[in-house]
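My notes follow in the order I looked things up.

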Amino acid sequence: MWEIVKSGGIFMVPIVLSSIILVGIVFERLWTLQRKRVLPQELIKKVSQLTEANQVNAKVIEALEKNSPLGRVLAAALANRDRGRAIMMERVEDTGRHVVHELERFVNSVGTIASIAPLLGLLGTVTGIINAFKAVMLGGMGDPRMLAQGISEALVCTAGGLTVAIPAYIAHRYLRGKVERIVVEMEKVAVNFADSLGASGQAADSDGVARTA
């Protein structure tokens, strides 16, 4: 295997490095974007229970921020629950943008690998053909073995570039779609939670007005 890679010439080095980086990123993202790590379902129930019991304080909000990406969004809502729905949603959206940026971390790098890998393969193909023509110029067509190195470099680089680019493209589309699905669901949870906080606040104000009357 190493001999085949070696026969591809100097441009096989960045292609092989790209494949290693690709594998590392894909495994890291698959681990990070697990549903139970990003959108823990039990968290919503616990936060709702704490809110209804009026047990939310600074320590609870701080712990919530460190819990998960969803926890950061819910913590932003809780931290601004007494400032009106408009300001609360503004803070939630701002926090959500930061969370989305972290979820998309390295995803663009996968897309970049998918784009440059075939170009590196093409560049290696061109240099291989150039070397083949040089061999013809130096030795003529009498000995086909003189063309072997250039042709081998061209074909191996082409194959190497496509071998990296195809799974990189698939991984990029998959990870992008996974992040989009997570973001959509997180938005739904955040809006519903913000609405429940707003409803609770209105109910509390109404009770206060009724007791005063």
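**Entry 1**

I started at Phe106, which sits in the loop between H7 and helix H8 (107-139); helices here are DSSP runs of H or I with at least four residues, strands are E runs of at least two, and both are numbered from the N terminus. Phe106 has a positive phi of about 75° although it is not a glycine. My cut-offs are under 20% relative accessible area for buried, over 50% for exposed and partly exposed in between, with a 1.4 Å probe and protein chains only.

Ground rules, noted before going on: this is a predicted model, so local features need pLDDT of at least 70 and side-chain atom pairs count only at pLDDT 80 or more, while totals for chains, interfaces and linings use all residues. Residues are numbered from 1 along each chain as its sequence is written, and side-chain values use heavy atoms, with hydrogens and water left out.

**Entry 1: the overall layout**

I counted nine helices and zero strands in the protein. From the N terminus on, the elements read α-α-α-α-α-α-α-α-α. Of the 213 residues, 35% count as buried. I then looked at contacts, meaning heavy atoms within 4.5 Å. Among contacts with a separation of 6 or more, 75% are between residues 24 or more positions apart.

**Entry 2: H4 and what follows**

I checked the length of H4 (41-52), where 12 residues at 1.5 Å each should span 16 Å; the end C-alpha atoms are 18 Å apart, which agrees. The expected span is 1.5 Å times one less than the number of residues in the helix. Just after H4, Asn54 takes a positive phi of about 55°. Asn54 is in the loop between H4 and H5. Buried or exposed, I asked of Asn54? Asn54 is exposed, with a relative accessible area of 67%.

Next I went to Leu64, in helix H5 (residues 58-67). Leu64 counts as buried, at 6% relative accessibility. What does Leu64 contact, leaving aside its neighbours within four places in sequence? I found Leu43, Val47, Gly71, Arg72, Leu74, Ala75 and Leu78. For Leu64 and Val47, 17 residues apart along the chain, the C-alpha atoms are separated by 8.6 Å.

I followed the chain into helix H6 (residues 69-79), where nine of the 11 residues are buried, so H6 is largely enclosed by the rest of the structure. Its buried residues include Gly71, Leu74, Ala75 and Leu78, each of which is also on the contact list of Leu64.

**Entry 3: H7, face by face**

In H7 the buried residues are Met88, Met89, Val92, Thr95, Gly96, Val99 and Leu103. Seen down the axis of H7, these fall within an arc of 130°, so they line one face of the helix; the arc is that of the directions from the helix axis to the C-beta atoms. Ala86, Arg97 and His101 are exposed on the other side of H7.

I picked out Thr95, which lies in H7. At 15% relative accessibility, Thr95 counts as buried. Not counting residues up to four places away in sequence, Thr95 touches Arg72, Val73 and Ala76.

**Entry 4: the second largest pocket**

I looked at the second largest pocket, which holds about 230 Å³ of space. A pocket, on a 1 Å grid over the protein atoms alone, is an open set of points where a 1.4 Å probe fits, with protein on both sides within 12 Å along at least five of seven lines; lining residues have an atom within 4 Å of a point. The volume is the space filled by probe spheres set on the points.

Which element gives the largest share of the lining? H7 does, with six residues. Val73, Met89, Arg97, Val183 and Glu187 are among the lining residues. The lining divides into eight nonpolar, one polar and three charged residues; Ala, Val, Leu, Ile, Met, Phe, Trp, Tyr, Cys and Pro count as nonpolar, Asp, Glu, Lys and Arg as charged, and the others, Gly among them, as polar.

**Entry 5: Phe133**

Last stop was Phe133, in helix H8. Phe133 is exposed, with a relative accessible area of 55%. The C-alpha atoms of Phe133 and Gly150, 17 residues apart along the chain, are separated by 8.1 Å.
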